[in-house]
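I opened a structure that was new to me today. These are my notes on what I looked up, entry by entry.

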Amino acid sequence: MNDMTSPVALADATSSQRADSAHRSRHLAPDCRGLNYYDIDQSLRSLLPLYMDGALLEHLTPHMSELGELAGGHLGELSDLAERHTPTLQTRDRFGRDDERVEFHPAYKEMESIAFGRFGIHAMTHKPGVLGWPQAMPPIAKYVFHYLFAQAEFGLLCPVNLTDSSSELVHRFGSDAIKAKYLNNMWSQDMDQLTKCAQFMTEKAGGSDVGAAELTAVRDGDHWRLHGEKWFCSNVDAELAVLLARPVDAGAGGKGLGLFLMPKTLDDGSRNGYRIMRLKDKLGSKGMASGEIVFDGALAYQLGDLDQGLKQMLGMVNSSRISHLTRAAGMMRRCLNEAMVASQHRDAFGKAVIEHPLMRRQLLKLMVPTEQALSALLYASCVSELASSDKHYEQVLRMLTPIVKFRACRDNVTVATGAMEARGGNGYIEDWPNARLVRDAHLGLLWEGTSNINALDAVQRAVGKVGAHRALRDDLTQRLDKAEAIPAPLRSRLDGAIAEACRLAEEIAASPKLERFCRVAAGQLYHASTAALLAVEGATLGQSGGDARRLLLSRLVLEHHLQPSQTQDLHSLSWEDEVTDLLLADEPVSLAQAGALLAD
């Protein structure tokens with residue numbers, strides 16, 4: 001098996017594409033630029049048949065391969081250009097009139113054309129015909145495209161996701177007139193007709209505490225006028241924005257917030273009554289414009305019931321959190337691939353770096369969370385589709401989304417840092433991809449709630465208020481029951497890990513004094529869930545004669561994340577040496593090989 005589909009086969013791919021020594025020093029390892037990020041992703045390609053309808057998969061495969069090629073080539077080059085040439089704010093026109101315009105480098109505009117125009121990622125779950133598919137696609141389709149796109153460009157996926165989720169809010173809660181006026185253009189792939197959208201939530205008084213928001217809405221006939229500020233507005237120059245505001249005389253807290261849709265341009269062609277005060281100088285995701293806005297009577301349309309605004313907005317949290325999981329999973333895959341290529345092509349002390357035991361252990365520490373995130377992504381995508389018509393899966397999704405957002409985004413930071421270290425000093429230099437991957441990884445910790453907010457939501461609300469962990473437990477148990485090829489010792493440990501994670505979460509949720517352990521409980525739920533998914537996937541693939549390596553990854557999750565800390569007999573860990581050799585090798589792992597290493 002040497003078809004560029006396993007991590008180690010990246011060595012052959014990069015060597016063949018960079019054989020000309022005139023273009024690089026033989027002492028410096030290449031990066032992944034020039035590779036097809038879909039074709040080299042054996043994990044994704046082997047798992048998609050388990051999660052995606054066969055006809056849809058067959059139809060989308062050439063499109064996914066096209067995006068994989070772009071991500072490893074032209075899209076990556078555009079992303080680098082847009083990162084270096086950041087947006088600028090022009091505050092007045094040539095006549096001295098206030099007319100804030102954000103100017104982007106042509107590279108950013110071309111990336112928009114790829115995401116919105118060529119692939120229609122924002123529209124593929126809403127309308128038929130995207131990429132030639134006759135129906136609206138299931139969520140897994142768009143999330144796989146997010147995953148591939150994120151390996152080249154992180155920031156632009158924010159406007160893509162905001163346009164996608166905002167159009168759903170308009171579709172659910174907008175009046176017939178509002179839907180007729182805006183929806184078709186929100187789902188358009190014609191860049192001259194496309195109406196991109198933003199969601200302005202954060203204020204100085206309320207970031208995570210959305211209920212503290214102070215933006216005021218005053219009724220003006222059939223419409224509303226907005227007064228106040230929003231502090232962190234990504235995709236700041238979007239043609240439409242969904243936002244929360246407090247109607248005059250409404251109550252305090254989240255229950256007093258209404259949901260509104262605000263256009264940038266009014267029907268007569270004039271600019272709406274708000275000003276972009278400045279653009280944010282962000283740590284990462286620099287190509288996408290974020291800014292501060294002051295509202296001076298801006299016209300807005302009411303969406304849904306005034307006293308349900310926050311609840312309606314939170315209905316989009318699940319999809320947004322899965323979007324962040326997806327971006328984290330994609331970026332971790334890029335980081336793992338970069339680390340593999342760097343360690344294969346760098347020599348130290350007379351042999352390739354990948355041959356040194358410490359580096360091999362480090363590579364596994366990057367591989368395990370990367371594969372966990374991919375399993376979580378594919379599972380969450382399918383659950384989100386089922387949740388639209390099944391109360392049981394609605395509860396599974398309620399439990400799943402805060403724990404995957406919490407843990408995968410945190411793991412992304414660790415994996416990005418580890419991949420930078422694998423490249424060595426060059427990883428700290430902007431000529432190479434690692435420094436930017438590190439910067440962008442941190443943004444995932446902040447959008448759609450910090451780690452603390454997601455952990456509190458998972459344990460105190462999803463577990464404590466609605467008992468959603470029981471639905472997740474039952475669904476994972478059913479999946480384990482169907483995977484008969486899972487070795488009995490591993491199955492027993494997985495059952496115990498799931499039960500213990502649920503018990504711990506229940507205990508913490510029941511006592512306000514234990515709030516400080518919510519992150520521990522959220523992490524345990526994530527690790528137990530992904531360990532189960534990895535085992536099911538590995539057993540299913542292995543039983544059909546495929547690669548069973550995910551069984552080994554499942555055990556590594558159990559050993560390193562779910563086993564109580566204690567002093568160990570180091571000789572008892574000798575099994576990990578063989579696991580390391582198998583996981584870092586080019587050949588698939590048979591079910592028999594995996595079973596032998598899971599027997600104790």
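This is a predicted model: local features need pLDDT of at least 70, side-chain atom pairs count only at pLDDT 80 or more; totals for chains, interfaces and linings use all residues.

**Entry: strand β7**

I began with β7, which covers residues 258–263. I checked how covered the strand is. Six of its six residues are buried, and β7 is mostly covered. Next I looked at which way the residues point. Gly258, Phe260 and Met262 point one way, while Leu259, Leu261 and Pro263 point the other way. Both sets are buried.

**Entry: partners of β7**

Which strands pair with β7? I found β6, residues 240–247, pairing with β7 in the antiparallel sense over six bridges. Within that pairing, valine 242 stands opposite leucine 261. I then found β9, residues 290–303, joined to β7 by three bridges. β7 and β9 run antiparallel too.

**Entry: helix α11**

I moved on to α11, residues 357–387. The helix has 31 residues. From first C-alpha to last, α11 reaches 45 Å, close to the 45 Å expected at 1.5 Å a residue. I looked up its burial as well. Of the 31 residues, 25 are buried, so α11 is largely enclosed by the rest of the structure.

**Entry: α2 against α11**

I asked at what angle α2 and α11 pack. Helix α2, residues 42–51, packs on α11 at about 25°, and the axes are 11 Å apart. Angles under 35 degrees count as roughly parallel, so α2 is roughly parallel to α11. The crossing is right-handed. From α2, the contact is made by Ser43, Leu44, Leu47, Leu48 and Tyr51. From α11, Glu371, Leu374, Ser375, Leu378, Tyr379 and Cys382 take part.

**Entry: glutamate 371**

I picked out glutamate 371, which sits in α11. Is glutamate 371 buried or exposed? Its relative accessible area is 4%, so glutamate 371 is buried. I listed what glutamate 371 touches, leaving out residues up to four places away in sequence: Ser43, Arg333, Leu534, Arg550 and Leu553. I also noted histidine 442, 71 residues from glutamate 371 along the chain, with 20 Å between their C-alpha atoms.

**Entry: alanine 499**

Last, I looked up alanine 499 in helix α16, residues 488–509. Alanine 499 is partly exposed, with a relative accessible area of 43%.

Key: Residues are numbered from 1 along each chain as its sequence is written. Side-chain values use heavy atoms; hydrogens and water are left out. Buried means under 20% relative accessible area, exposed over 50%, partly exposed in between (1.4 Å probe, protein chains only). Helices (H or I, at least four residues) and strands (E, at least two) are DSSP runs, numbered from the N terminus. Two strands pair if DSSP finds at least two bridges between them. The expected span of a helix is 1.5 Å times one less than its number of residues. Axes are lines fitted to C-alpha atoms, for helices over the stretch in contact, and angles run from 0 to 180 degrees between N-to-C directions. Angles under 35 degrees count as roughly parallel, over 145 as roughly antiparallel, 65 to 115 as roughly perpendicular and the rest as oblique. A crossing is left-handed if the near helix is turned anticlockwise from the far one by less than a right angle, and right-handed if clockwise. Contact means heavy atoms within 4.5 Å.
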